[in-house]
Number of protein chains: 2
Amino acid sequence: MTEIRFDPAQGCLRLIRPDGTADAYPYLWLRDNDPAGFHPQTGERSFDLLSVPPDLAPQTASVADGMLHLFWPDGAETRVALDWLAAHRPGHRRPDPADVAPHVWTADLTPAGIPRAAACDLLTDDAALLDWIVAVKRVGLALVTGLADDREAGLDVARRVGFLRETNFGRTFEVMSKPDPNNLAYTADALPLHTDLPNQDLPPGMQFLHCLANEAEGGGSVFADGFALAEALANAAPDAADALADIAIPFRFHDSEFDIRSRKPVLVRDRDGRLREVCYNAHIADIADMGLDEMTRFYPAYRRFMALTRDPAFRLELKLAAGEMVVFDNRRVLHGRSAFDPATGRRHLRGAYVDRGEWDSRLRILTAALNRPAAA
Amino acid sequence: MTEIRFDPAQGCLRLIRPDGTADAYPYLWLRDNDPAGFHPQTGERSFDLLSVPPDLAPQTASVADGMLHLFWPDGAETRVALDWLAAHRPGHRRPDPADVAPHVWTADLTPAGIPRAAACDLLTDDAALLDWIVAVKRVGLALVTGLADDREAGLDVARRVGFLRETNFGRTFEVMSKPDPNNLAYTADALPLHTDLPNQDLPPGMQFLHCLANEAEGGGSVFADGFALAEALANAAPDAADALADIAIPFRFHDSEFDIRSRKPVLVRDRDGRLREVCYNAHIADIADMGLDEMTRFYPAYRRFMALTRDPAFRLELKLAAGEMVVFDNRRVLHGRSAFDPATGRRHLRGAYVDRGEWDSRLRILTAALNRPAAA
């Protein structure tokens with residue numbers, strides 16, 4: 001039998017289970033998060049936390065039939081299942097299917113090891129789509145094969161996950177050699193490894209590159225796992241990794257229509273110190289304006305990271321064929337290409353982005369719809 | 001005459017001006033940021049920092065005709081104007097026209113004091129558009145008047161600034177009472193002050209609400225400057241403000257198609273400790289899962305902030321008329337409405353967002369095109 005103890009000093013209720021384990025629930029939390037206080041249609045919280053006093057405490061509390069019953073001084077009642085309380089106890093991070101642990105990779109992955117799926121399966125089979133969505137989260141890189149020779153074929157797959165992220169380059173972009181390019185991607189030059197658009201407040205998430213033609217000499221694709229590079233740097237030179245996480249640098253893209261700027265560290269860590277994102281693009285890194293001390297700390301660290309991006313141990317190379325699409329997490333995996341000779345044949349990739357938010361949302365919705373347990 | 005001193009220990013060149021002031025330029029910085037190392041068409045950096053050794057130093061340096069000339073061991077030369085060097089010296093934050101100091105406001109602003117512009121001016125006059133773009137940055141709230149009775153009229157103004165930010169609610173959304181609402185905005189209920197979509201990785205920036213009809217009883221709009229609320233909290237209870245900046249809480253929107261989650265503090269500060277954003281939405285704050293200590297710190301601080309949102313001293317109320325549009329920084333200014341009675345008349349606002357990145361970009365491009373000095 002679950003035992004209830006009031007703890008007025010802490011303003012919380014303690015539930016002590018028969019096995020002696022206990023959880024504490026602040027009175028205000030119990031009232032604010034009572035499932036009955038959420039709107040029946042929208043699922044949003046309707047309860048107004050300021051409708052109760054700060055020193056709110058239940059008048060009585062009892063447990064019966066696996067439910068906790070509380071009576072509040074204003075006449076309200078709370079009835080909530082002990083199972084629900086255990087799953088939602090303070091200090092317990094509820095499982096999120098989108099919390100997929102990254103599988104960090106080096107050149108050992110090889111092109112053959114890249115997760116892949118057939119376009120027809122992704123378009124028609126929710127279970128196949130979910131497996132692939134999870135694989136892209138885990139590895140940060142995947143291939144789609146068997147795309148129709150149709151400019152919309154890659155986008156149809158992307159839109160199975162979510163709407164496309166618009167940027168100053170449009171909702172889709174054509175990677176090919178163009179006159180008057182406003183971006184190195186639109187030349188025939190080699191592109192060293194980089195992430196796209198760290199000059200944006202939110203750099204685009206998952207990138208789709210559908211290969212419509214790749215007949216030119218050269219034009220091979222290169223990828224590297226930014227998490228692996230950061231890990232290698234942190235192991236070899238923790239101070240260098242800390243410098244790249246501490247020091248924000250200016251990024252800027254500028255043409256006649258747009259002037260988009262953002263300051264970011266190369267290695268973006270979350271509040272728990274965990275690496276969340278890599279922002280590496282030497283082309284649109286603006287003229288560095290840190291103070292002399294930070295600059296002295298920054299340059300050697302940045303050069304070490306750059307050198308890792310050139311190390312074959314981390315680089316995975318492949319040449320996309322027409323009808324293939326590569327998909328990668330642009331906030332984690334660096335991409336690049338070798339130069340190509342436009343005189344020897346056509347090279348045309350059609351690109352688009354779906355942000356991490358939409359990606360994770362589809363992952364959660366499909367996990368629930370297919371009744372799958374959360375991945376780990 | 002500017003004097004040059006080599007500082008091999010620090011790896012930098014010191015330029016000492018005739019008035020005795022001096023600036024230091026790291027050798028690597030001088031080479032990496034040489035304007036000649038940027039692509040002539042795209043403006044992107046083409047120079048490869050790893051093409052030079054870490055201990056790079058110029059062989060000779062001289063000043064003539066207002067230019068610094070450097071000769072490097074690999075035969076390269078750098079010629080750069082002293083004026084350019086002074087403007088780009090390390091430790092000097094170059095002016096950005098989009099760094100507009102906020103004018104923080106309370107109820108004293110009054111509806112009459114809200115910056116306003118006529119739609120026809122914004123659509124046809126770049127100078128009027130720029131003034132208004134700067135005003136929205138400064139005040140966080142503005143009105144547009146004289147819109148045509150046309151569903152596209154508000155969007156035409158928004159698109160003068162930038163493309164629309166898509167969300168799970170679409171690129172545009174209709175704020176009106178609907179059957180089966182998936183959001184409280186789509187009911188006739190009162191909406192307490194809030195910011196939209198803190199459950200997103202990047203909450204939407206500038207919000208446009210074009211009033212197409214507002215004939216129902218009730219349905220007045222309310223706004224409050226989140227920066228003023230945060231400032232008042234920090235003055236009255238600095239610990240409470242710190243708690244709301246330190247403790248990230250879970251936000252979640254969930255319907256049959258989307259499940260979008262993000263963890264954020266209510267007060268988002270940048271790396272310099274400056275308030276950058278307010279994320280306040282009690283409806284989509286998910287069930288709090290912090291540990292007991294954080295929760296004990298959180299609830300009193302959160303309630304203090306909530307109480308400020310109810311304080312008439314901070315609230316600005318107005319009733320939009322058909323043909324008016326309100327525009328506000330959703331990451332700063334809270335908005336809400338009073339309940340309305342759909343039986344008494346139609347109320348219909350058409351909404352859209354343009355993100356801060358596009359806003360600032362247009363501000364910079366127009367400032368340059370109109371040859372304006374940066375605002376302060």
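**Salt bridges and burial**

Reply: A:Arg364 touches A:Asp96, A:Pro97, A:Ala98, B:Asp259, B:Ile260 and B:Arg261, leaving out residues up to four places away in sequence (contact: heavy atoms within 4.5 Å). This is a predicted model, where local features need pLDDT of at least 70, side-chain atom pairs count only at pLDDT 80 or more, and totals for chains, interfaces and linings use all residues. Side-chain values use heavy atoms, without hydrogens and water.

Me: Is A:Arg364 buried or exposed?

Reply: A:Arg364 counts as buried because its relative accessibility is 6% (buried is under 20% relative accessible area, exposed over 50%, partly exposed in between, with a 1.4 Å probe and protein chains only).

Me: How many salt bridges over all chains?

Reply: The count is 65.

Me: New topic. What does A:Arg332 form a salt bridge with?

Reply: With A:Asp225, the closest N and O atoms being 2.7 Å apart. A:Arg332 is buried at 2% relative accessibility, and A:Asp225 is buried at 1%.

Me: And which residue does A:Arg331 meet?

Reply: A:Arg331 meets B:Asp201 in a salt bridge, 3.0 Å from N to O. The pair crosses between chains. A:Arg331 is buried at 3% relative accessibility, while B:Asp201 is partly exposed with a relative accessible area of 29%.

Definitions and conventions
Residues are numbered from 1 along each chain as its sequence is written. Chains are lettered from A and ligands numbered from 1 in the order in which they are written. A salt bridge is a side-chain nitrogen of Lys or Arg within 4 Å of a carboxyl oxygen of Asp or Glu. Helices (H or I, at least four residues) and strands (E, at least two) are DSSP runs, numbered from the N terminus.
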